[in-house]
Amino acid sequence: MRFARSWYDDRSDLYLGEKQWDSLREAFSDHGAFSQCLHVTVVGSKPLLLATEEIREKAALKPQDLKGHMIHESPDEVVQLLKYIRKWKARSEAREVTILGGDIHVGGHTDVFHTNQPLCKQLTASPISNFPLDRVSFLVEQAGEEIVQFVDDHYSFEHHHWTAERNYGLLSIFINSLSEVRVRASLVMANNTGLQHG
């Protein structure tokens, strides 16, 4: 996904823009592009889920600190995307979804829930050439670690195993002969201190 209407000349008020929403609606539909898939990877330039209003207040973040983050600028669209993911997964118990994002100078894992039941996972990785934590990432990491944050009454998320070390993400997807999907999302530390699995 391209965030903040940055891909097309889209004059709508939608964060992802009308063309991207049309494509997502079709792809996640009963007969859409993902209808025969067992795993979908949703990739954005930044994490889809980072900090809710409660955590932003706790961390004393200013609005400009989270500029470009969809959950800050358009939380209703985050809920809509999570609904597409939930409905797509509900059509087959074998299906899995992984959300990938980065560009915040830290890496970590996030568990996503619908009515307190696991929905999917998010992996946040940042380039191994990044300098360690900027102020925003440090505050979000400290304030948001292992706290359940609610996007709305139904969807929530919890961050865990965050690191300020330079890192990159490794996503391994295994599908066996019974069409069972197993996903391993890992962070690889640039200083060779090992892996963090989510």
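Author: Helix α4 (residues 75-90) lies across β1, β2 (96-102), β3, β4 and β6, and runs at about 150 degrees to β2. Here helices (H or I, at least four residues) and strands (E, at least two) are DSSP runs numbered from the N terminus, while angles run from 0 to 180 degrees between N-to-C directions of axes, which are lines fitted to C-alpha atoms, for helices over the stretch in contact, and contact means heavy atoms within 4.5 Å. This is a predicted model, in which local features need pLDDT of at least 70 and side-chain atom pairs count only at pLDDT 80 or more, whereas totals for chains, interfaces and linings use all residues. Residues are numbered from 1 along each chain as its sequence is written, and side-chain values use heavy atoms, with hydrogens and water left out.

Reader: In what order do the six strands form the open sheet?

Author: Two strands count as paired if DSSP finds at least two bridges between them, and the pairing in this sheet is mixed. The edge strands, each pairing on one side only, are β1 (39-43) and β5 (148-150). Neighbouring strands of the sheet are turned by 25 degrees against each other on average, direction ignored. The order of the six strands is β1-β2-β4-β3-β6-β5.

Reader: Which residue in β6 does Phe 150 stand opposite?

Author: Strands β5 and β6 run antiparallel and are joined by three bridges. In β6, the residue opposite Phe 150 is Ser 156.

Reader: Is Asn 116 buried or exposed?

Author: Asn 116 belongs to the loop between β3 (107-114) and β4 (117-125), and its phi is near 70 degrees, a positive value in a residue other than glycine. Most residues other than glycine have a negative phi. Buried means under 20% relative accessible area, exposed over 50%, and partly exposed in between (1.4 Å probe, protein chains only). Because its relative accessibility is 57%, Asn 116 counts as exposed.

Reader: Why does His 161 count as partly exposed?

Author: His 161 sits in strand β6 (residues 155-163), and has a positive phi of about 50 degrees although it is not a glycine. His 161 counts as partly exposed because its relative accessibility is 44%.

Reader: What share of the residues of the protein chain count as buried?

Author: The protein chain has five helices and nine strands, and its 198 residues are the basis of this share. The part that counts as buried is 45%.
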